[in-house]
Every structure is written in structure tokens, then in C-alpha cells.
Amino acid sequence: MTSTDRGGDGSIDRGGDLLARHRAVMPNWQALYYDDPLEIVGGQGRRITGGDGRTYLDFFAGILSNSLGYGVPEITEAVRRQLDTGVVHTSTAYLGRAQVEYAERVAELSGIPDAKVFFVNSGTEANEAALLLTTHARRSNQVLALRNSYHGRAFATVAITGNRSWGTSSLSPVHVSYVYGGYRYRSPFRHLSDADYIEACVEDLRDVIQTTTAGDVACMITEPIQGVGGFATPPDGLFGAMKQVLDEYGIHFVTDEVQTGWGRTGEHFWGYQAHDVVPDVLTFAKGAAGGLAIGGVVARADLMDGLNASGLSTFGGNPLAMAAANATLDYLLAHDLQANAAKLGAKLMSGLRALADGTSIVGDVRGKGLMIGLELVEPGTDAPSPRAATMVLAECRRDGLLVGKGGLHGNVVRIGPPLTLTEDEAEEGLAIASDAIGRVYEALV
């Protein structure tokens, strides 16, 4: 019987090799981790169960989306209560109490004066909405973005992604100019002090505006820490200094908090708060609803209300996502998970930096809170080593730890556990990662 044959009861037999079936019906650019890709079939706390029957400590959390981990009773109960009403969808054509309540909370937390919120389903959609608001307000399709950035997979957000491995098309609805700043490790300004680095990046921004734009730029969009770019972390204060130049030209500042939001950096609730700046627009997604699909854009009322056409979001702010989002925010605040990220992030960072001092394949350890990147290099050089990153992922999995990968060259190991991580789990994960990196180092030298 083939995969399309039917049994006696009319059902389709779906047996066989899941990986082969995946490759047959999914696009070949939809990449999978590991030579033997992993199916996740269960989870509890910070641990998941794979289709291989093994249990793993999760240090990547669905690319930071499972912010509270797995099987959280408060999330499950909130979603179940909504399911019990029989209403899982209404669309934005009707009033939604949970949607209004959540918007009120996010608007206040955003730090943006007189803020309004529009809900979508992902970070990509949120950033598309931010581009729509700012380009309409300025009547300009000119946008500034950072090199090594990632902002989504739609037509406009691919265009503002400054990372060639994700920039799938040269076609674009916007005119983009890229500036330095986010990725310090391979920057020509790398060896400067923080103050001099910021000054050099600000001068580059001014030069880019004067030489590659007509001046009437719609916005500059930044990630406070570049996620897909390998958790590249600029010095504090950079974007505040850049904002002074933007203000001279009336350019809106957009902060992409899809990965840095909700206290993950430990020191602040939003990543932008490390830079002495108030954004005009803030976007969020991923961990906001504990793993359910959600995205949103927060903007000053004049920007949000500036569109002169009707709009809606069919599934944005749907009742299930709002139930999970409100419960997630309740949990985050009640358990002070921002403080937990600061404490355990410092523990992980200290251990990983000590490890880096003893091996020549770790070129850089960076990040904040529970958002840490290890840039791997060929032994004794600065040359990117994607093979080392691939090997570390495999070695970690062998010992029961899941980590992520990223960076322009695919050579950065990304660590982003659920914010509910415990101290024992931090020590366990650190030990596994350290052993894995040690074995890879020995294999490469």
C-alpha cells in the first residue's frame, strides 16, 4: 500500500519514513536541524520528548517561542476555558474583551506614549505592518536597516533583511540602505572602545543617509540583539545615539522585539531599553503567548491611526491566542521571569566565557540574559566555522540538550532556554554544552 492508498475504513495509511514524506511535500528550503532530524512529540517543563523516545533539555524553546516551557497549567487552563465557550475565532470585525485587555497592558508596558496596538499572527506580519505605517506616514519607501539583520520572510521584510543567507530575492517594494552597528565581532570598528564604536556607527548612519537616500526616509528598523544573525549584541546606548540623527531627518525608529521582548535580556523588559531611547514603533511575536501564534505592532496613536483605508486581521488577536497571551503575561510578571533570566543568564555566560578561554574554536561569547550566542571559528583563527557549529549541535543532542544555530555564516550556536529555566537545569545544560564543545575542539585541532 502506498502513502496515498486507503485502508478498509477509508483512512489513508500514513506509515513509512516521516523524513522522506516531509521532503516530498515540503519545500527544500525549509531546513531541518541534524542529519537525523528530530520529531517532537511531547513536553513538560523545560524538557521535550522526541519521536526517537528520548527526553531532551530544551535550550532553544522553539526559537524562543515557548517562553514558559511546556505543559504550563496556567496556559493550558486559559486555552481550555476559551475552548469551552465554543468560540475559537471571531475576527476583528467584532469586539474582543481579552483582546482589548491585552492591548491595554501591552500599550502601557511598551513605553511608547499614547500607544495603540494592532494584532497579527507572527513577527513577519508585525514588521510588515510597521513598514506600512511608517512608509505611509512619510510617503516614502526608503528604509534603513542594519547589516546582519533578520526581520521576516514576506516580500518587504525579506527586503530589509541584511543577511544574505535569508535574503531570497533582489526584488523589493522598498528602497533599503544598510548601516553598521548590530554585529560587532566582524565589524571594521570591532577593536574600538564602546564609545568610539558608537561614534563610528553614528557617523556611518549619517553618511548613508546623505549618500544613498533622498533624505525623506520612512524609518530605521533594528533588533536590539540580532536573533537569526547569531545573537549579535551592540554596545548599550548605540540606538539612542542613532536616534538623535534620525530625529534630525524626521525618520521613525522601529524596534523589532520579536526575540528580545518580555524580559528575555534580563536587564530590561524590552531590548530597546538598554539604549536610552523611546521607539516610535515596537513589534513583538514569538514568546508572547507561550507558544501559540501571535504577533503585534505597537505605535504612537498618530502613526497607527494615520492609514486612510480600512483594515483588519482575520486571525490576529483571535480568542485562543489572547487567552494564552494574557495568561503568559500574568505568569511572566507574577514569577518575575525577567529577574530569573538575568540571574541564570549571568551564570551561563560566565561558564561559557570560561570555556572559551580554554578553546580556540570559540571566537566570541555574547548576548544578554537567556539569549546567548557562541561564534565558532576554525581553530586558532577568526574564520567562521559552520562545521563546528553543526558538530556542537549534534554532540549536544547526543547528550540530551537541544540548542540552536544561526549567524551570517551558520557558525553561531544559539542558546535561548524557556524563561522558567531552573538553576539545576542551567548547570546541567552548561555541563553538556561545555563537554560538547570540548569534544568538537579535540576533533578539529
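**A walk through the model**

Leaving aside its neighbours within four places in sequence, Thr-222 touches Leu-146, His-151, Phe-239, Phe-253, Val-254, Thr-255 and Asp-256, where contact means heavy atoms within 4.5 Å. Thr-222 itself belongs to strand 7, which covers residues 219-222; helices (H or I, at least four residues) and strands (E, at least two) are DSSP runs, numbered from the N terminus. With a relative accessible area of 0%, Thr-222 is buried, a word that stands for under 20% relative accessible area, while exposed means over 50% and partly exposed lies in between (1.4 Å probe, protein chains only).

This is a predicted model, in which local features need pLDDT of at least 70 and side-chain atom pairs count only at pLDDT 80 or more, whereas totals for chains, interfaces and linings use all residues. Residues are numbered from 1 along each chain as its sequence is written, and side-chain values use heavy atoms, with hydrogens and water left out.

Helix 12, made of residues 386-398, has 13 residues and reaches 19 Å from its first C-alpha to its last, close to the 18 Å expected at 1.5 Å a residue; the expected span is 1.5 Å times one less than the number of residues. Buried in helix 12 are Ala-388, Ala-389, Val-392, Leu-393, Cys-396 and Arg-397. An α-helix has 3.6 residues a turn, so residues three or four places apart point the same way. The buried residues of helix 12 pack against several elements, among them strand 3 (55-58), strand 12 (371-376), strand 15 (412-415) and helix 13 (423-444). After helix 12 comes Gly-400, whose phi is positive, near 95°.

On the helix 12 side the contact includes Arg-387, Ala-388, Met-391 and Val-392, and on the helix 13 side it includes Ile-432, Ala-433, Ala-436 and Ile-437.

Charged side chains give another view of the model. Side chains of opposite charge can pair when their charged atoms come close. A salt bridge is a side-chain nitrogen of Lys or Arg within 4 Å of a carboxyl oxygen of Asp or Glu, and by this rule the count comes to 24 salt bridges. One of them joins Glu-425 and Arg-46 at 2.9 Å, N to O. Because Glu-425 lies in helix 13 and Arg-46 in the loop between strand 1 (40-44) and strand 2 (47-50), the pair ties together parts that are 379 residues apart in sequence. Both Glu-425 and Arg-46 are buried.

Elsewhere, Arg-186, Asp-364, Arg-366 and Glu-375 are linked in a network of salt bridges.
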